[in-house]
Protein chains: 2
Amino acid sequence: MKLKNNIRFLVVALLLITVSCKAQSKSSKKLKQQEHPSLILTKKGVQDIRAQLGTVPLFDATLAKVKEEVDLEISAGIEVPIPKDFSGGYTHERHKRNFLMLQKAGVLYQILNDEKYALYVKEMLFAYEKMYPTLPVHPQERSYARGKLFWQCLNDSNWLVYVSQAYDCVYDYLSEAERKKLETNLFRPFADYISLENPQFFNRVHNHSTWGNVAVGMIALVMNDDKLLERALYGLKTDNIKPGQKDNDGGLIRKEGQKVGFLANLDEPFSPDGYYTEGPYYQRYAMYPFLVFAEALQNVKPEMKILEYKNGVLLKSINTLLNLTDADGEFFPLNDAQKGMSYHSRELISSVDIGYYFGGNQTELLSIAKEQGEVLLDDTGLAVAIGLRDGLETPFIKKSVEYTDGPNGDQGGVGIIRADGSDKEISLVMKYSAQGLSHGHYDKLSFSYYEGGNEVIQDYGMARFVNIQQKGGGNYLKENTTWAKQTIAHNTIVQNETSHFGGDFEIGNINHSEKYLFDVSNPNVQVVSAKESNAYPGTELHRTMAVIKDENFENPYLLDIVKIKASSENQYDLPYYYLGQFMSASFDYKVPTNLKPLGTKNGYQHLWEEGEGKSNNENAALSWFNNERFYTLTSVVGENDELIFARTGAKDPDFNLRRDPAFIIRKQHSKDAYFVSVLESHGHYDPVAEIATNAFSAVKKIAILYSDENYVAVSVENVNGSTSLFMFSLNDALKNKEHQIKIEDKAYNWIGAYNYININ
Amino acid sequence: MKLKNNIRFLVVALLLITVSCKAQSKSSKKLKQQEHPSLILTKKGVQDIRAQLGTVPLFDATLAKVKEEVDLEISAGIEVPIPKDFSGGYTHERHKRNFLMLQKAGVLYQILNDEKYALYVKEMLFAYEKMYPTLPVHPQERSYARGKLFWQCLNDSNWLVYVSQAYDCVYDYLSEAERKKLETNLFRPFADYISLENPQFFNRVHNHSTWGNVAVGMIALVMNDDKLLERALYGLKTDNIKPGQKDNDGGLIRKEGQKVGFLANLDEPFSPDGYYTEGPYYQRYAMYPFLVFAEALQNVKPEMKILEYKNGVLLKSINTLLNLTDADGEFFPLNDAQKGMSYHSRELISSVDIGYYFGGNQTELLSIAKEQGEVLLDDTGLAVAIGLRDGLETPFIKKSVEYTDGPNGDQGGVGIIRADGSDKEISLVMKYSAQGLSHGHYDKLSFSYYEGGNEVIQDYGMARFVNIQQKGGGNYLKENTTWAKQTIAHNTIVQNETSHFGGDFEIGNINHSEKYLFDVSNPNVQVVSAKESNAYPGTELHRTMAVIKDENFENPYLLDIVKIKASSENQYDLPYYYLGQFMSASFDYKVPTNLKPLGTKNGYQHLWEEGEGKSNNENAALSWFNNERFYTLTSVVGENDELIFARTGAKDPDFNLRRDPAFIIRKQHSKDAYFVSVLESHGHYDPVAEIATNAFSAVKKIAILYSDENYVAVSVENVNGSTSLFMFSLNDALKNKEHQIKIEDKAYNWIGAYNYININ
């Protein structure tokens, strides 16, 4: 409220100052109809910004940086080449750079009121206007929806989302004739091409379509064209999409009867918690169009109350996305995701600024903005920069949290548990969500595990080097399908060496796991548990993971319990993709003279079998070393369980895969089965002092002390002599329910789903 | 000079202050004979320190840290267990911690004048005095010279070097009877055990013996025993060492007729440039005893002028060692070396402080000390901390430099070339030294290459996890011999799949490469060149490496020319251990279905063959990606050259090796041959913006345009159309010599060994 008053005061102050402003004077006659700029920058916003220039450090710094960048581009001259290349190639990167520059130059024109920027935008727009009408479809043929400037309509849509903003900024600078020429020859055919002419791209629920819808919607808002806006919001009324039609990544175009358009893309992929079903990497990608269009709608059509749509899911999703990161701010790579992407990306800068401005000035967002070190050059960025200047930021504390998946929040979810370790935060990410549309992986009940920003048990992520041309044009590599999406590439159960749902997208897409429990009320025993009964018909998987702080351990440890109930005998594999250097194993194993792939299909063909062993003492422990720390995974195993050391990289003719290790526990000819493990982080190695501390596991033995249809109890014996017992109710997670089991004639009673006690 | 005056003033000031000091009053009667402390701390130094307490931030901070550490140990109580374990094990680490604590407690007693520290030292010394006389030889049998407290005499010597200092500090606190008891039951037998009873350990030129000599020398100085000191300085006059006798790592104990003792260990392994023949990792290890004993000798026997010995080689060696580091201060891992060791180690803290104090207060050492963030608690550390407090530090700039090897500097050397890259420093390390004693690797003319602190072409280092007990007790692993020392583990020529000198230590140990040229006078073309004619009898290897700054390239590039002249046909392999993700290759290759080892012995058994190709266009280019940068190696190859992709990890039953990639160029059935390559660092990838810049090599083609007995000329054609030519005289490197070659009837004239010109 205080900020708003300040701004109001400044606006009044500004009105007293005479500003020579061509953009303003030219536009005066159209004021009634629609002001420009009005989408992201607004006339009032621009006045506020101009009044504050020189007094808001982060805004000023961003402005200076953008100015330097654009000035350099202007002096280099305009280049609008005939489209030819894939991403990573010259024409692709040039057109991408152009739309980014156009948007920035438009903003600079408004803020600095310097015509050279308007002229630059104008000249480049007319270079496109000249080329576009005669452009054929892009020569690269890989996409299911080829663009004209780029190899896919997706990138063409990116272009229009940014360029609409530039057009809005110079709208009043252009003559009516100029605008007409641009709209007739460039913007309208451009919007029609990515919508009418590519319904298979435009009429979907998918991040691609979000971009398409928003592109059309943004230019509709600038051109004040309500019919085009309707197309953006609700999609095309008719199209020629065939049932079962797929895109070039194998993703289904559309379920029958599915709603389309921008609002449908808000309705369906976002859960009520603001979790985007494709996962955080694509949520990040979609956030920019979602939020920038929402901001534009809020400015131009405030009566739509778009930010209140679906209980304000858009603003909620910003916090959700920020929580889906490790200690370094990097997104958990759920589904298709390139590692390293983080909340330092430009999409998250917009998100944080828009979230702060429209979402009630949450001061913890300012600390993220501070880390980002950059703001949007609009009202929202100004507000953030003022907040930071005035020292209002508070820490953004990530907590243990569950995010439901599905439009109504009833299609499983993602559980994140965080606990303070001796020097770094431990984070567990367990996935029991829906498929995640075409970017989904077959990884029901999988997990990943972090210590600070370091991966301990990794999710492989995707097999793609985004925008690196040498690697398949920077696009998805075939190994994304043959490896990265397959179940064996994840830290979860594989039955009979086949992926979940037989690796069939349609089946996967109509199924989801069921949350059983997410209880983090006790900071010392945080539990997440979920069931999956559709991945393998006839087999029920129930995984329970607890992050336990126990004074007998140096750090919180992970207890992992997978219960399998099946109608027939199967082979079960449970891989753990640990990262680091093998230190020791508690069991005998052999390494082969030559390496062979572990299997022939479903991802197994990409794993070399580096060793195999068995244990005859009921436990198998593997220790490794990474980032100056030691880790030990101790598992309950039977004499017949095969303990396999594997590594990615087999059948990899283009060296597209990393060479990462895995430890796989295999149970053959099993019907019902349990996989129970404890994962510890312990000790430290200082390579300068060459001193190793606490290099050995604290686990002496773990055992399943009790199991029946309804309960399981696992004991964890520490080398210091203490023993703890974790008891769990498998079919009733009610908070107040009383339970009892008897172990060796001793009765144990508890209330609620689980009980963790020290018995020794 | 100013500093000294200050100190003198403070000393006078101190004399006016009455200090209650039991240590001082007790010792007064012995002052004439020998003051205590007198080795590292001196009576006068202690007075200076006490006078400055509270005014020198870094000294005060170090003191507070040490005090906290020792106080914690004192409250935990004294533990002197019966020796049992290897390094990494409990008893080993406990005794190690004890000697470090004893030394620190002694210092604290002197500086803080608090009896509790003297008492702690006294009690622990008597615990050792009680145990030592009945101790058998250490139960672990691996060492050629087993200790009593530790598994090897080396660690026993470490103990005595530190504990002598503690004894010196509490000498006057103890009664004469107590001293006699300690000397009779502990110190003298201890010194005798590591010398008289282990001549094979004591009477060598080796870092082991340096520790042994210094241990005996230090305790001799405290006990004022000139005969024992003589033993330390000159070794045992007689011993029972047999010719050809070896240690447990396969190192020769002693060459016949070789001098021994501390002075011989200074004479022989150090070159006049201060390069220690075992390499920087072991130089670091030896620096502490070398310098601490030198400091003690300087204090107790200044007439010896030990710091002027051999032209002041000890002080010189400090700068040499600091220059043998990458941009992060980590030592280049020449010979046996664990990566990650750096000038932040405690040995280098002593070195820098002692070097500053005794070496004329070089202010650039202060900037290293600042990074170290810690000083010695003695006169030298005080001087450094005062220098830093007074803001005297200047940057420590590492330059291109050559260090000769051998006692007289005539046994080859190590050439380091550094050049500024677009954002990071490029460093080339070429090794053409002597064998490096028992820690030497068979890697004549090998190299490693860095960009900032990142390895681009790595030296594997050693196969050992120092002090990590799970890994062979923290000792050398068998793969150190079968892999890490072998020639194929390095970036140099392997003939007929055998290592240099047939992997025979005795032969290697009497040979060295010959420097041909080290010329860094032109910052744009820095050249190092050396020859090796003994590694493979009948074959002469001549490698020339130039780091070239050329405006047609984004970064300085490396030109690598290996000329081979042989008397018979051979197979030659040249591996490049690049680090990172394969991006692309310019040639066709196939990957096998199953992986087989590349060979059966000499290290080849540890390499998996991951792929093999051939090129029919005269060049082979391999691009990879690491740490957000791209790299390309382009090589001149013939149609029959085999291009092999390999990876470490074969025949590795204990998973002791890392899984690192290599690219090997193989020429079969060749007599004379050339290996010519260009290595570029180029471009950048930003995982947050997902933008790749300059991802492709700038090299269009490289070719040998001319070669005869005396000259070689290599052309490097850039994709931008420019071509440069590097001409080199192979047999005459004289500065002023004129040369001429004709290429396609065009004459090229130049003066000096090389010429680099743009011809297009």
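The expected span of a helix is 1.5 Å times one less than its number of residues. In this predicted model, helix 4 of chain A (residues 57-76) has 20 residues and should therefore span 28 Å; its end C-alpha atoms lie 29 Å apart, which agrees. The points below cover that helix, the nonpolar cores and some backbone features.

**Helix 4 of chain A**
- Its buried residues are Leu58(A), Phe59(A), Thr62(A), Leu63(A), Val66(A), Val70(A), Asp71(A) and Glu73(A).
- The cover over these buried residues includes helix 3 (43-52), helix 5 (90-112), helix 6 (115-131), helix 16 (363-372) and helix 17 (379-389) of chain A.
- Gly77(A), just after the helix, has a positive phi of about 95 degrees.

**Nonpolar cores**
- The largest nonpolar core holds 135 residues, of which Trp159(A), Tyr167(A) and Phe187(A) touch the most other members.
- Helix 13 (residues 280-300) of chain A gives this core its largest share, 13 residues.
- Apart from this core lies another, of 134 residues, including Tyr144(B) and Val375(B).
- Beyond its neighbours within four places in sequence, Trp159(A) has contacts that include His95(A), Tyr128(A) and Phe190(A).

**Cis peptide bonds**
- His36(A) and Pro37(A) are joined by a cis peptide bond, with omega about -5 degrees; Pro37(A) sits in the loop between helix 2 (22-27) and helix 3 of chain A.
- In chain B, a cis peptide bond with omega about -5 degrees links His36(B) and Pro37(B).

- Asn113(B), not a glycine, has a positive phi of about 55 degrees, and counts as partly exposed at 24% relative accessibility.
- Leu445(B) has a positive phi near 60 degrees and counts as buried at 2% relative accessibility.

Terms used:
Residues numbered from 1 in each chain as written. Chains lettered and ligands numbered in written order. Predicted model: local features only at pLDDT ≥ 70, side-chain atom pairs only at ≥ 80, totals over all residues. Heavy atoms only, no water. Core = buried A, V, L, I, M, F, W, Y, C linked by side-chain atoms within 4.5 Å. Buried < 20%, exposed > 50% of the residue type's maximum accessible area, 1.4 Å probe, protein only. Helix = DSSP H or I, 4+ residues; strand = E, 2+ residues; numbered from the N terminus. Contact = heavy atoms within 4.5 Å.
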